[in-house]
Amino acid sequence: MTDTPETRLDRHGIILPVPPAPVATYVATVLSGSLLVVSGQLPLADGKLFATGKLGADVAVEVGVEAARYAMINVIAQVRAAVGDLSRVRRVVRLGGFIACVPDFTQHATVMNGASDLAVAIFGDAGLHARSTIGVPSLPLDAAVEVEGLFEIA
């Protein structure tokens, strides 16, 4: 059997959800040439937010890491919905992470590794990406984490 993003999802026990619909006036994805932009995704698991609140206050770092992983699962679900076949992903170009946190929180990179590690696990070397991660005072629906992505598509 060929090692593909789909077989890697299976190996990791991940079933992609139906991608969540946008909650405001925007679209979930935009394909421009060979670049697919995925709007920020929240850490939804079974249709509910996995983690709400702020890192460094009421959300532990380990929970934030898992929240970033769930947000990345939703990013990947949006990619598949947009292009049909995850094997079309040539490269995860960039991920952006937004971490709702208290002002003195400093473990943004650790939290965002939940998304980055999953990108590499599913897309292999093509999952290695550039990244920005910032702390913010709040996110939609009081989510603890939000992840956006930029992908090169064949």
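Visitor: Is the crossing of α2 and α3 left-handed or right-handed?
Guide: Right-handed, for α2 crossing α3. Keep in mind that this is a predicted model.

Visitor: Which residues make the contact?
Guide: On α2, they are Val61, Gly64, Val65, Ala68, Arg69, Met72, Ile73 and Ile76. On α3, they are Thr110, Val111, Met112, Gly114, Ala115, Leu118, Ala119, Ile122 and Phe123.

Visitor: How many of those are nonpolar, polar or charged?
Guide: The contact of α2 with α3 has 13 nonpolar, 3 polar and 1 charged residues.

Visitor: What about geometry? What is the angle, and how far apart are the axes?
Guide: About 40 degrees, with the axes 7 Å apart. Helix α2 covers residues 61-83, and helix α3 covers residues 108-123. That angle makes α2 oblique to α3.

Visitor: Why quote both an angle and a distance?
Guide: Because two packed helices are described by the angle between their axes and the distance between those axes.

Visitor: Switching topic. How many helices and strands in the protein chain?
Guide: The chain has 3 helices and 7 strands. Along the sequence, the order is α-β-β-β-β-α-β-α-β-β.

Visitor: What does UniProt place on residues 6-145?
Guide: An unreviewed UniProt entry gives "domain: Endoribonuclease L-PSP/chorismate mutase-like" there. In the model, residues 6-145 are 32% helix and 25% strand. The end C-alpha atoms of that stretch are 25 Å apart.

Visitor: And overall dimensions? What box do the C-alpha atoms fill?
Guide: Roughly 45 × 35 × 30 Å, along the principal axes.

Visitor: What radius of gyration does the chain have, against a compact globule?
Guide: The protein chain has 15 Å. A compact globule with 154 residues would have a value near 15 Å, so the two agree.

Key: Residues are numbered from 1 along each chain as its sequence is written. This is a predicted model: local features need pLDDT of at least 70, side-chain atom pairs count only at pLDDT 80 or more; totals for chains, interfaces and linings use all residues. Side-chain values use heavy atoms; hydrogens and water are left out. Axes are lines fitted to C-alpha atoms, for helices over the stretch in contact, and angles run from 0 to 180 degrees between N-to-C directions. Helices (H or I, at least four residues) and strands (E, at least two) are DSSP runs, numbered from the N terminus. Angles under 35 degrees count as roughly parallel, over 145 as roughly antiparallel, 65 to 115 as roughly perpendicular and the rest as oblique. A crossing is left-handed if the near helix is turned anticlockwise from the far one by less than a right angle, and right-handed if clockwise. Contact means heavy atoms within 4.5 Å. Ala, Val, Leu, Ile, Met, Phe, Trp, Tyr, Cys and Pro count as nonpolar, Asp, Glu, Lys and Arg as charged, and the others, Gly among them, as polar. UniProt positions are given in the numbering used here, feature names are shortened, and annotations may be inferred rather than shown by experiment. The radius of gyration is taken over C-alpha atoms; the globule rule is 2.2 Å times the number of residues to the power 0.38.
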